[in-house]
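User: Could you walk me through how to read contacts that involve aromatic rings? I would like the general idea, then a case.

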Number of protein chains: 2
Amino acid sequence: MNDEPQLTRIQTRNRAAILSGGLDAFSIAGFRGATLDQIAEAAGLSKPNLLYYFPSKDAIYTALLEHLLATWLDPLHALDADGDPVEEILAYAQRKLVMSRDYPRESRLFANEILAGAPQIGAVLAGPLRELVDEKAVVMRGWMDAGKIRRTDPHYLIFSIWALTQHYADFDVQVRAVLGQADPFEGAGRFIDQLYRSLLDTAHDDHL
Amino acid sequence: MNDEPQLTRIQTRNRAAILSGGLDAFSIAGFRGATLDQIAEAAGLSKPNLLYYFPSKDAIYTALLEHLLATWLDPLHALDADGDPVEEILAYAQRKLVMSRDYPRESRLFANEILAGAPQIGAVLAGPLRELVDEKAVVMRGWMDAGKIRRTDPHYLIFSIWALTQHYADFDVQVRAVLGQADPFEGAGRFIDQLYRSLLDTAHDDHL
DNA sequence: TCTTGATTTGACCGAACGGTCAAACAAACG
DNA sequence: CGTTTGTTTGACCGTTCGGTCAAATCAAGA
């Protein structure tokens with residue numbers, strides 16, 4: 001049942017350090033561009049010691065992707081069919097934006113994997129991810145049929161939320177270069193709110 | 001004046017093949033992840049022959065980025081302060097989307113460079129790009145002051161267009177995995193149109 | 001035709017790569 | 001304390017990396 005039966009303190013500490021170092025390296029340079037020496041230095045370990053805890057570079061990368069995927073879809077999962085439609089979608093977008101703010105390395109790791117053609121997680125995209133998206137698309141279509149939000153394509157709506165929120169993690173360097181020093185996430189949150197409210201709210205144009 | 005005074009047919013053909021092969025390799029794996037052997041094979045040349053036309057891996061990468069930057073900002077440049085505000089912004093978004101459809105490798109090359117921290121084009125982002133964005137933000141603010149489009153933050157509006165359009169090039173694999181086989185760009189164009197029309201149009205809620 | 005310059009390549013270089021291994025070292029526990 | 005298990009590392013291996021070079025080949029004009 002339990003994959004990791006007993007871990008010593010040292011194992012827990014060093015495995016975490018390796019995963020953090022690997023996240024640093026892979027999220028910047030991708031799988032092929034990152035090196036074990038970089039990861040070892042970031043983790044504060046020697047390269048052979050690193051390979052004492054993980055059998056290969058691949059294993060570190062796979063562990064990171066698995067851990068990522070385990071939480072990456074939570075915000076969409078939490079979209080509640082019984083909640084207020086506009087507020088549910090807005091809250092989903094805000095959750096995704098918070099993830100971009102708090103876990104930018106994870107977002108960039110994901111982006112690098114997709115850019116490389118999703119060699120590791122391609123099956124997840126075409127399987128569980130697609131099913132989840134389709135399920136939530138049905139929910140949204142129900143809201144549209146009920147006249148609670150304006151009619152639009154639910155799949156592209158979800159894509160737009162992914163794009164808008166992950167942009168602030170993946171293209172952080174560009175955003176900050178254009179905006180100057182300020183923290184972009186507050187303004188981004190406000191804009192995204194306004195954008196989807198004006199798209200989804202039926203109060204504005206329908207029965208006035 | 002002219003950087004490349006005379007190029008033989010062979011030089012023209014082989015330089016183009018190398019740049020295309022480099023674009024393939026760098027856009028998938030990033031600068032560090034791509035190898036000269038990959039580029040040489042994609043270009044149909046031997047590695048030493050490749051280095052006869054370009055002095056180094058860096059030179060290929062730099063040439064690609066320079067060529068990219070020369071055209072990357074054209075769609076935003078074309079945003080006309082004297083045109084119809086809503087249609088200008090919509091047309092800009094559509095131009096960017098067409099670039100994602102027709103030049104996905106260039107978009108992914110750019111994405112990889114930014115993800116890596118923009119080591120080569122950081123100065124361009126903080127310089128010419130920022131100035132261009134600020135200039136167009138002033139134009140948009142003028143439109144808002146004149147009541148021609150709804151008031152919002154011009155910088156985040158531009159970011160949102162970048163995010164929404166480049167997403168379909170950079171995350172193409174993911175989009176196609178979720179949608180199935182279909183071509184995503186037609187639907188994306190429709191959605192983006194609807195999205196920005198509902199955000200920007202003042203006809204709906206203001207003076208009704 | 002011959003010659004000259006442009007092009008191509010096999011062989012090679014030192015460095016960096018992912019990974020191995022035996023030996024040294026530290027921690028826990030009786 | 002000694003022993004046993006867990007941990008760390010220096011030295012090393014084969015491969016791949018970016019890049020070099022002299023020699024071979026090709027193209028084109030006199």
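Analyst: Happy to! Let's begin with charges: a charge sits over a ring if NZ of Lys or CZ of Arg is within 6 Å of the ring centre and within 35 degrees of the ring normal. Keep in mind that this model is predicted. Here, A:K57 lies over the face of A:F31, 4.6 Å from the ring centre. In chain B, the charged end of B:K96 sits over the ring of B:W72, at 4.5 Å from its centre.

User: And how do I describe two rings together?

Analyst: A pair of aromatic rings is described by the distance of the centres and the angle of the planes. Over all chains, this structure holds 20 aromatic pairs. Take A:Y168 and A:F185: their ring centres are 6.3 Å apart and their planes stand at 55 degrees, so this pair is tilted.

User: Which parts does the pair of A:Y168 and A:F185 tie together?

Analyst: A:Y168 belongs to helix α9 (residues 154-170) of chain A and A:F185 to helix α11 (residues 184-200) of chain A, so the pair ties together parts 17 residues apart in sequence. A:Y168 is buried, at 3% relative accessible area, and A:F185 counts as buried at 8%.

User: What about B:Y52: is it buried or exposed?

Analyst: B:Y52 is exposed, with a relative accessible area of 62%.

User: Which rings are linked into a cluster?

Analyst: Ring pairs join A:Y156, A:F159, A:W162, B:Y168 and B:F185 into a cluster.

Definitions and conventions: Residues numbered from 1 in each chain as written. Chains lettered and ligands numbered in written order. Predicted model: local features only at pLDDT ≥ 70, side-chain atom pairs only at ≥ 80, totals over all residues. Heavy atoms only, no water. Phe/Tyr/Trp six-rings, centres within 6.5 Å; stacked < 30°, edge-to-face > 60°. Helix = DSSP H or I, 4+ residues; strand = E, 2+ residues; numbered from the N terminus. Buried < 20%, exposed > 50% of the residue type's maximum accessible area, 1.4 Å probe, protein only.
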